[in-house]
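Please read it with the sequence and the structure side by side.

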Amino acid sequence: MTILCATCGVESAEPLPETCPICADERQWVPQQGQVWTSTDVLARDGLRIDVVEVEPRLWALTSEPAVGIGQRSLLVQTDAGNLLWDPLGAITDDAVGQVRELGGLAVIAASHPHMFGVQCAWADALDARVLVNARDATWIQRPHERIELWDDEIAPLPGVRIIRFGGHFPGAAVALWEQGSEGDGSLLAGDTMQPKPDRASVAFMRSYPNNIPLSAGVVWRLADQAASLRFRRLYGNIPGQLVEEGPGAVARSAARHIAWVTGEHDDLT
Ligand SMILES: [Zn+2]
Ligand SMILES: [Zn+2]
């Protein structure tokens, strides 16, 4: 059984803290009634289901019903050398483990940032996978585990898969570039590092999404510059449905707009 925070969905080791540190941080929130813990067993007993759906050839989305914690979807990249699970859910079921096993199991689990740790070590134990955590965000690990490996600026855990630190939302905030995605043009799994918005043509760059804390012009410039150095087309966020088909243009336009607003260029409109 794995214990997790009901609000962020991140697994936590006992003894449990009074409040989940990830939710007590200014980027997240603690419910009005106070800290709530749950467990993978309680969620399974209550009938939680995980759906595994192909979103493009060799890329699968895992979502839970009901949503757990922040409600992310996980993305699973299939490669000939093993699979990557990106932004693991805050839930796991025997049925989902079986489905993932049929897809070739898991070689590597990685999260774009600590909000997306989910029950990463529970998935790793179930499918004998490595867990990669960026060294700059290691202090946010709530369940230390021998499977966790720290990495610095970039790691290529599988052929054709690069995990790259961008920073911004968290110092260790990362993206995963899957070079064979988007029919060979590359797919970028961007987590909250650059979050696709409902217009499907823009992304946001924020320190906090729920509490609307923006990043500075300088940091957004840096993130956009780093994205421009990568070859990709589709950009996937971490919430079900979040997708921008033409990622590079959306990132460049969104960065220019963000910078214009935070530097006062549009103050006459306010
Ligand atoms: Zn939490
Ligand atoms: Zn986040």
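How many bridges join β11 to strand β12, and in which direction do the two run? The model, which is predicted, places 5 bridges between β11 and strand β12 (residues 174-178), and the two run antiparallel.

**Overall build**

- The protein holds 6 helices and 19 strands, and its C-alpha trace spans about 55 × 45 × 30 Å along the principal axes.
- Because a compact globule with 270 residues would have a radius of gyration near 18 Å, the 18 Å computed for the protein agrees with that expectation.
- Of the 270 residues, 44% count as buried, while among the contacts with a separation of 6 or more, 56% come from residues 24 or more positions apart.

**Strand β11 and its two partners**

- On one side, strand β10 (residues 154-158) is joined to β11 by 3 bridges, and these two strands run antiparallel, with Glu 154 standing opposite Ile 164 in β11.
- A hairpin is formed by β10 and β11 with 2 residues between them, and Gly 160 in the turn has a positive phi of about 80 degrees.
- In the pairing of β11 with β12, Arg 165 stands opposite Ala 174 in β12.

**The two faces of β11**

- Strand β11 (residues 161-165) has a covered face made up of Val 161, Ile 163 and Arg 165, whereas Arg 162 and Ile 164 make up its uncovered face.

How values were computed: Residues are numbered from 1 along each chain as its sequence is written. Chains are lettered from A and ligands numbered from 1 in the order in which they are written. This is a predicted model: local features need pLDDT of at least 70, side-chain atom pairs count only at pLDDT 80 or more; totals for chains, interfaces and linings use all residues. Helices (H or I, at least four residues) and strands (E, at least two) are DSSP runs, numbered from the N terminus. The radius of gyration is taken over C-alpha atoms; the globule rule is 2.2 Å times the number of residues to the power 0.38. A residue is buried if 20 or more other C-beta atoms lie within 10 Å of its own, exposed if 12 or fewer, and partly exposed in between; C-beta atoms are placed from the backbone. Two residues are in contact if their C-beta atoms, placed from the backbone, lie within 7 Å. Two strands pair if DSSP finds at least two bridges between them.
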